[in-house]
Amino acid sequence: MNKIESIYASTENPTDYVKGYLSHLSQIIADLDHSSIADFIGILKEARQSGKTVFFIGNGGSAATASHFMNDLSIGTRPAGKPFKIVSLTDNNAVMTAIANDFGYDCLFTKQLESQYSDGDVLVAISASGNSENLHQAVDYVKKRGGITVGLTGFDGGKLAKIVDHCLHVQTDKGEYGPVEDVHMIFDHVV
């Protein structure tokens with residue numbers, strides 16, 4: 001049983017659950033590696049200055065986080081100077097379903113990168129577990145072409161944490177999707 005399940009199982013009072021969840025989330029945030037976040041900001045700033053595209057990918061809730069990152073970086077940073085070139089590869093349902101149908105779900109992001117990626121671009125792969133094969137394939141594709149790869153992970157980091165160039169890791173028990181996804185959105189808003 002992970003910490004969130006334990007908090008839930010130990011109370012029937014919603015107020016106590018909320019208090020326990022937020023206390024646990026506060027501890028996770030306190031334990032973050034702040035330098036990895038600063039490094040990520042540096043990667044994004046360098047991509048903006050050099051005119052490189054930053055691609056965001058993820059599945060499920062992480063796909064929504066990828067979309068949110070795209071929105072905030074491409075629209076929310078315009079007053080700060082040169083705009084970012086940001087693409088969320090999770091946002092075109094027609095393309096995604098065609099690729100999944102014709103080539104398989106594992107190719108969902110690599111097939112899109114084949115037509116959009118340029119040497120030196122940045123890929124940000126978001127996954128609580130770090131074990132999504134379609135993300136691994138996209139990371140491999142970008143690394144083989146000299147790009148920079150960043151992972152936003154949770155739990156123990158999974159395979160993704162081991163194969164990316166830079167990792168922003170949220171250390172939690174396996175299955176604690178809520179806190180991991182909460183912190184990934186905090187990364188977005190801090191950036």
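Mentor: Happy to, and we can go from the whole chain down to single side chains. Keep in mind that this is a predicted model.

Trainee: Noted! How many helices and strands does the protein have?

Mentor: There are nine helices and five strands in the protein. Along the sequence they come in the order α-α-α-β-α-β-α-α-β-α-β-α-β-α.

Trainee: And how does the radius of gyration of the protein compare with the globule rule?

Mentor: The protein has a radius of gyration of 17 Å, close to the 16 Å that the globule rule gives for 191 residues, so it is as compact as a globular protein of that length. Along the principal axes, the C-alpha atoms fill a box of roughly 50 × 40 × 30 Å.

Trainee: What share of the residues is buried?

Mentor: Of the 191 residues, 45% count as buried. As for the accessible surface, the total is about 9400 Å², and carbon and sulfur atoms account for 52% of that.

Trainee: What about contacts between residues at least 6 apart in sequence: what percentage join residues at least 24 apart?

Mentor: That comes to 66% of those contacts.

Trainee: Switching to charges, how many positive and negative side chains are there?

Mentor: The count is 15 positive and 23 negative, with the centres of the two sets 8 Å apart.

Trainee: Where do Tyr17 and Tyr21 lie?

Mentor: Both are in helix 2 (residues 14-30), four residues apart, which is about one turn of the helix. Tyr17 is partly exposed at 23% relative accessible area, while Tyr21 counts as buried at 16%. These two also form one aromatic cluster with Tyr8.

Trainee: And Phe56 with Phe69, is that pair stacked or edge-to-face?

Mentor: Stacked, with 4.8 Å from centre to centre and 15 degrees between the planes. This pair links distant parts of the chain, as Phe56 is in strand 1 (residues 53-58) and Phe69 is in helix 4 (residues 61-74), 13 residues apart.

Trainee: Are those two buried or exposed?

Mentor: Buried: Phe56 has a relative accessibility of 0%, and Phe69 has a relative accessible area of 0%.

Trainee: Back to the start of the chain. Which helix holds Ile4, and what does Ile4 touch?

Mentor: Ile4 is in helix 1 (residues 3-9). Leaving aside residues up to four places away in sequence, Ile4 touches Tyr17, Tyr21, His24, Glu176 and Pro179.

Trainee: How far is Ile4 from Asp173?

Mentor: In sequence they are 169 residues apart, but in space the C-alpha to C-alpha distance is 8.8 Å. Ile4 also counts as buried, at 13% relative accessibility.

Trainee: Last one: what's the phi of Phe155?

Mentor: Phi of Phe155 is near 50 degrees, a positive value in a residue other than glycine. Most residues other than glycine have a negative phi.

Trainee: Where is Phe155, and is the residue buried or exposed?

Mentor: Phe155 sits in the loop between strand 4 (148-153) and helix 8 (158-163), and at 6% relative accessibility Phe155 counts as buried.

Trainee: Thanks, that helps a lot!

Methods:
Residues numbered from 1 in each chain as written. Predicted model: local features only at pLDDT ≥ 70, side-chain atom pairs only at ≥ 80, totals over all residues. Heavy atoms only, no water. Helix = DSSP H or I, 4+ residues; strand = E, 2+ residues; numbered from the N terminus. Rg over C-alpha atoms; globule rule 2.2 N^0.38 Å. Buried < 20%, exposed > 50% of the residue type's maximum accessible area, 1.4 Å probe, protein only. Contact = heavy atoms within 4.5 Å. Areas by Shrake-Rupley, 256 points an atom, 1.4 Å probe, with all protein chains shown as cover. Lys, Arg positive; Asp, Glu negative; His and termini not counted. Charge placed at Lys NZ, Arg CZ, Asp CG, Glu CD. Phe/Tyr/Trp six-rings, centres within 6.5 Å; stacked < 30°, edge-to-face > 60°.
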